[in-house]
Amino acid sequence: MDAKKRHLTTIFEAVGSGLAIAYALLIASNTGHEILGFALLLGSAVLFALWAVIDKRWPFLLLQFFYAGSAILGLIRWG
């Protein structure tokens, strides 16, 4: 993998992880921020999906479709 792709995957991994952590904390806190939490989950899934495509991690990409679907369902359910 070239240096540019490696740099992008590092950014996607770090930001996606941060968004997923924030999502989990918001949902677990039960403070009425579910919409923001599910939006963060969707953002995390998109970043992880980009990382999976660049790195050709197809099972991981499939998992991100599940997370994105969960986020969309949460946005619809709580919205």
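## Axes and the H1/H2 pair

Axes here are lines fitted to C-alpha atoms, for helices over the stretch in contact, with angles running from 0 to 180 degrees between N-to-C directions. On that basis, the axes of H1 and H2 come within 8 Å and cross at roughly 155°. The two helices are therefore roughly antiparallel, a label for angles over 145 degrees. H1 passes H2 in a left-handed crossing, meaning the near helix is turned anticlockwise from the far one by less than a right angle.

This is a predicted model, with local features needing pLDDT of at least 70 and side-chain atom pairs 80 or more, while totals for chains, interfaces and linings use all residues. Numbering starts from 1 along each chain as its sequence is written, and side-chain values use heavy atoms, with hydrogens and water left out.

## A look along H1

H1 covers residues 3–29; helices are DSSP runs (H or I, at least four residues), numbered from the N terminus. Its 27 residues reach 39 Å from first C-alpha to last, close to the 39 Å expected, which is 1.5 Å times one less than the number of residues.

After H1 comes Asn30, with a positive phi near 50°.

Thr9, Phe12, Gly16 and Leu26 are the buried residues of H1 (under 20% relative accessible area, 1.4 Å probe, protein chains only). Their cover includes helix H2 (34–55).

## Phe66 on H3

Phe66 sits in helix H3 (residues 58–78). Its relative accessibility is 54%, so Phe66 counts as exposed (over 50%). Phe66 and Ala45 are 21 residues apart in sequence and 8.7 Å apart in space, C-alpha to C-alpha.

How values were computed. Contact = heavy atoms within 4.5 Å. Parallel < 35°, antiparallel > 145°, perpendicular 65-115°, else oblique.
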